[in-house]
Amino acid sequence: MGTGVPVSSAAGILARMERLTKWALPRRLFLVIGLGYLCTFYDIFDVNVSFVQTATSIIPGATPADASRYIGLPVFANLLGYVVGTLVLSPLADRVGRRRMLMTTMFITGIGSLLTALAMHDWWFILARGITGVGVAADLAVVNTYMSEVAPRTRRAKYTSGLFIFSGVGALIGIWLGLWLTTPSAPFPEGLPFALATPSFHWGWRLMYYIGAVLALIAILLRLELPESPRWLAAKGRVEEAAAVVAAMEERLGLGAFQPDGTAASFSLVSDRRAPYGELFGSPVYRKRVFLLFFVWLFSYVTVYGFSAGMTTLLVGAGYAPSEAGLIVAVGVFGMLLAGVVAYLAGEVMERKTYLVVSAVLTILGGLVVGLAGHHLWLSYLGAILLFFGQNVWVPVFYAWTAENFPSRARTSGFALVDGAGHIGAGVGLWAIAPFIPSLGVTAGFVAMSGFLLVAAFIALGGIASRGKILEEISP
């Protein structure tokens, strides 16, 4: 039965979006979005193994054994840039559109990589990493918002997790390139026999950041084909443009003409008269969600960045050779790729917040195995894989969950606020906690670092249930 709701009204657009049960954009566009993810996570992980060579190249007096003393400041600058990028740039996506900001954020990421490659002093390197962080942060916020708005509601976590597979590939490229280009050759399994670092080839770390800049340029060119989010267009009153995008999606899935019914009449979009942050803090519902998610990301990032950005230097500081430590991390990152695959296949099986509890337990187990293995490298590899799997399998599911917690008119801002401010925990972990990890020993230190993820899991249990629900019902 008709209800008089126009097919091309904002309510009609949302109802038509809810008919989409499969990926309705061209499949190549999923790859385009994924390549941006690859580039972003390459820029997060490229510092892990390569920083030992960077430190000895541009920091007077630095040695491989004490490189962990110097990694805190550039990573903290990267994280500070992350906070700035999310809080300043991401809200623009709620004002000017997702697509336009996807170009801007990747451009900033590429410029940051280029400046890092050209660094001649430690202060230059630190500043360039900060600029990279600005682009990376805002890009993650916009990408996850965009994905939550174009993916079907029963598969939001699935498709976000599918993107995370690309992040695992980007991390692997960053780690293994670092191992190949910046560590001395060593017999396997103590290192890579074909690694290139020698006294005459000590600039491999620069090449890594040039590669990051090229990846960013490719991603920008490919993103030109992305359509704007229909939900954002509808929220801005640009209904005709939204209808055109949705019509193409419907045609791709072979759907017939939309017949308005009672479901269409139930959809509504609240006016966005206030600034996004004002909307979030002015509402008791969204204010509560902001604070809960902030603390979830705050504590979890102590663990995630402690290992993602600093595990190699932590192991070197605990007595491992650089090539040995780098190879443990390089093998371990395969766990991150596996985490993306598992989350893609099983990300809709449980309620979102349950995944973090499982992840915390697996991460602690992985840290125990690495610590107890000592220099029994095959066991260390197994522990590292388990650790990276555990600390990452919850992440794509929580990216989807975080976006679901906020309304379309402030979704990017909400995601950016909790994720960006939560990166303060990463900075604290790397600057204030990581330097003490080697003195605790690998076992106690890694378990202590993993424990913050368990704290985040207990906080997350107080959050909303959102699996399979309509976005506008979760966050009106």
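Reply: A residue is called buried when its relative accessible area is under 20%, exposed when it is over 50%, and partly exposed in between, using a 1.4 Å probe and the protein chains only. Please note that this is a predicted model, in which local features need pLDDT of at least 70 and side-chain atom pairs count only at pLDDT 80 or more, whereas totals for chains, interfaces and linings use all residues. Residues are numbered from 1 along each chain as its sequence is written, and side-chain values use heavy atoms, with hydrogens and water left out.

Me: What percentage of the residues in the protein is buried?

Reply: Of the 476 residues in the protein, 62% are buried.

Me: How many helices and how many strands are there?

Reply: Helices (H or I, at least four residues) and strands (E, at least two) are DSSP runs, numbered from the N terminus. The protein has 23 helices and zero strands. Its radius of gyration is 22 Å, close to the 23 Å given by the globule rule for 476 residues, so the protein is as compact as a globular protein of that length. That radius is taken over C-alpha atoms, and the globule rule is 2.2 Å times the number of residues to the power 0.38. The C-alpha trace spans about 75 × 40 × 40 Å along the principal axes.

Me: What share of the contacts joins residues at least 24 apart in sequence?

Reply: Contact means heavy atoms within 4.5 Å. Among contacts between residues at least 6 apart in sequence, 83% join residues at least 24 apart.

Me: Why is helix 18 described as largely enclosed?

Reply: In helix 18 (residues 395–404), 10 of the 10 residues are buried, so this helix is largely enclosed by the rest of the structure. Among them are Val 395, Phe 398, Trp 401 and Glu 404.

Me: Where is Phe 45 found, and which residues does Phe 45 touch?

Reply: Phe 45 is found in helix 2 (residues 27–58) and is buried, with a relative accessible area of 2%. Not counting residues up to four places away in sequence, Phe 45 touches Ala 171, Gly 174, Ile 175, Ser 308, Met 336 and Phe 388. One of these, Phe 388, is a buried residue of helix 17.

Me: Is Ala 55 buried or exposed?

Reply: Ala 55, found in helix 2, is buried, with a relative accessible area of 0%. Leaving aside neighbours within four places in sequence, Ala 55 is in contact with Ala 62 and Ala 67.

Me: How does distance along the chain compare with distance in space?

Reply: The two should be read side by side. His 121 and Leu 73 are 48 residues apart in sequence and 13 Å apart in space, C-alpha to C-alpha. Phe 45 and Met 449 are 404 residues apart along the chain, and their C-alpha atoms are separated by 18 Å.
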